[in-house]
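Subject: Structure handover

Hello,

Here is the structure for you to look over. My notes on what turned up follow it.

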Amino acid sequence: MKEKGAPEQISSETAIKPGQDEMKCSICWKYLYRCMTLSPCMHNFCSFCLSKYLDGNYWRLICPACRGEIQSCSKNLLLNQLISSQKNSTPELQISEEEKEIRDERDMLLKGAKLKKYNNRSVYFGFFKDGKREGKGKLMDSWRSEYEGEFKNDKFEGQGDYNYSSGNRYSGEWKNGRKNAFGEFTFVNGERYKGEWRNDFAHGSGEYLYVDGGKYKGEFKEGQIEGQGEQSYANGDEYKGGFKHNRKEGFGEYTFANGRKEVGEWKDNVFYGNMAVNCGKSDNEKKQREALWSTDIRLL
Ligand SMILES: [Zn+2]
Ligand SMILES: [Zn+2]
């Protein structure tokens with residue numbers, strides 16, 4: 001007896017009779033509809049069934065029937081023809097016209113999506129234009145980081161989600177392979193940046209949420225807090241004013257949770273008030289204040 005799910009290889013000489021396993025898809029177990037054949041194992045599937053399978057498993061590059069490696073998949077026009085010319089005797093194995101329509105609508109392979117493995121061992125399933133990735137697709141690299149979204153000219157461009165193997169993730173806009181325009185980056189520990197990007201850096205206006213509940217809202221420059229912004233701390237303190245390299249700089253107002261305020265000039269996270277910067281503070285006091293107001297962030 002032939003094992004279910006592992007039909008034998010078909011050749012043009014094979015006699016096909018209705019009801020034979022060769023005519024059935026080993027994913028949906030109905031008569032093959034728009035038959036696709038995997039190489040080198042030669043297993044057959046409906047185009048829609050294979051498309052759905054690849055959408056979730058493309059990076060494995062293994063046949064769903066025999067677990068053998070997929071090197072290519074192609075339309076099997078001959079088998080298609082043979083099946084449609086048969087009077088398929090088992091009605092429950094037939095696919096209704098209505099279902100065919102639904103399948104065609106969702107079938108990525110039918111619409112031209114392709115599976116490709118690159119030399120750097122990344123795997124892509126999606127659309128191409130002139131041999132380059134273009135349109136929607138998914139790309140998984142050998143580290144299991146995955147991008148799902150739009151491509152243009154072989155690069156990430158448009159809307160896309162990137163799930164890093166580290167657990168970090170980015171969801172937003174891309175241009176020329178880099179995070180650009182607007183997006184949200186979430187670190188595996190829950191820390192989050194939402195805002196504008198330029199060439200992979202937080203740049204423009206945005207919001208950074210710290211894992212302890214603190215929050216910064218304001219301007220960013222090349223991945224750092226720089227410009228005007230407002231910071232609220234987990235302990236209830238708040239600061240509103242200038243920043244540079246993630247530190248308070250320029251004019252700012254610091255309000256302690258108990259209501260006390262310090263208003264004036266800041267430099268390198270140290271409060272000088274209306275005193276001239278760089279005088280009147282001992283090194284020790286500067287250090288203490290720096291520690292108190294440290295606003296380290298890390299952004300890719
Ligand atoms: Zn099927
Ligand atoms: Zn196979």
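**The three-stranded sheet**

Three strands form an open sheet in the order S2-S1-S3, paired antiparallel. S2 and S3 are the edge strands, each pairing on one side only. From one strand to the next the twist averages 35 degrees. Please keep in mind that this is a predicted model.

S1 and S3 run antiparallel and are joined by four bridges. Leu-38 has Cys-73 in S3 as its bridge partner. Pro-40 sits in the loop between S1 and S2.

**Helix H1 and what covers it**

H1 lies across S1, S2 and S3. Its direction is about 90 degrees to S2. The buried residues of H1 are Ser-47, Phe-48, Cys-49, Leu-50, Ser-51 and Leu-54. Which elements cover them? The cover includes S1 (35–39), S2 (44–46), S3 (72–75), helix H3 (97–106), S4 and S5.

Leaving aside residues up to four places away in sequence, Leu-50 touches Met-36, Phe-45, Cys-73 and Leu-109.

**The cores**

The largest nonpolar core has 43 residues. Leu-32, Met-36, Phe-45, Cys-46, Cys-49 and Leu-50 have the most contacts inside it. H1 (residues 47–57) gives this core its largest share, four residues. Both domain 1 (21–109) and domain 2 (117–292) contribute, with at least three residues from each. A second, separate core has five residues, among them Tyr-254, Trp-266, Val-270 and Phe-271.

**Two hairpins in a row**

S4 (residues 114–117) and S5 (residues 123–129) run antiparallel, joined by four bridges. Lys-114 stands opposite Gly-126 in S5. The two strands form a hairpin with five residues between them. In that turn, Arg-121 has a positive phi of about 70 degrees.

S5 also pairs with S6 (residues 132–140), again in the antiparallel sense, over six bridges. Here Tyr-124 stands opposite Leu-139 in S6. Two residues lie between the strands of this hairpin, and Asp-130 takes a positive phi near 50 degrees.

**Positive phi in two loops**

Arg-67 lies in the loop between H1 and S3. Its phi is near 65 degrees, a positive value in a residue other than glycine.

Asn-199 lies in the loop between S11 (192–198) and S12 (201–209). Asn-199 is not a glycine either, yet has a positive phi of about 45 degrees. Asn-199 has 13 C-beta neighbours inside 10 Å, so it counts as partly exposed.

**Overall figures**

The protein has four helices and 18 strands. Of its 300 residues, 30% are buried. Among contacts with a separation of 6 or more, 25% join residues 24 or more positions apart.

If you have time for one region, I would open the model at Leu-50 and its contacts with Met-36, Phe-45, Cys-73 and Leu-109.

Best wishes

Notes
Residues numbered from 1 in each chain as written. Chains lettered and ligands numbered in written order. Predicted model: local features only at pLDDT ≥ 70, side-chain atom pairs only at ≥ 80, totals over all residues. Pairing = 2+ DSSP bridges. Core = buried A, V, L, I, M, F, W, Y, C linked by C-beta atoms within 7 Å. Buried ≥ 20, exposed ≤ 12 C-beta atoms within 10 Å, placed from the backbone. Domains from an automatic or database assignment. Contact = placed C-beta atoms within 7 Å. Axes fitted to C-alpha atoms, helices over the stretch in contact; angles between N-to-C directions.
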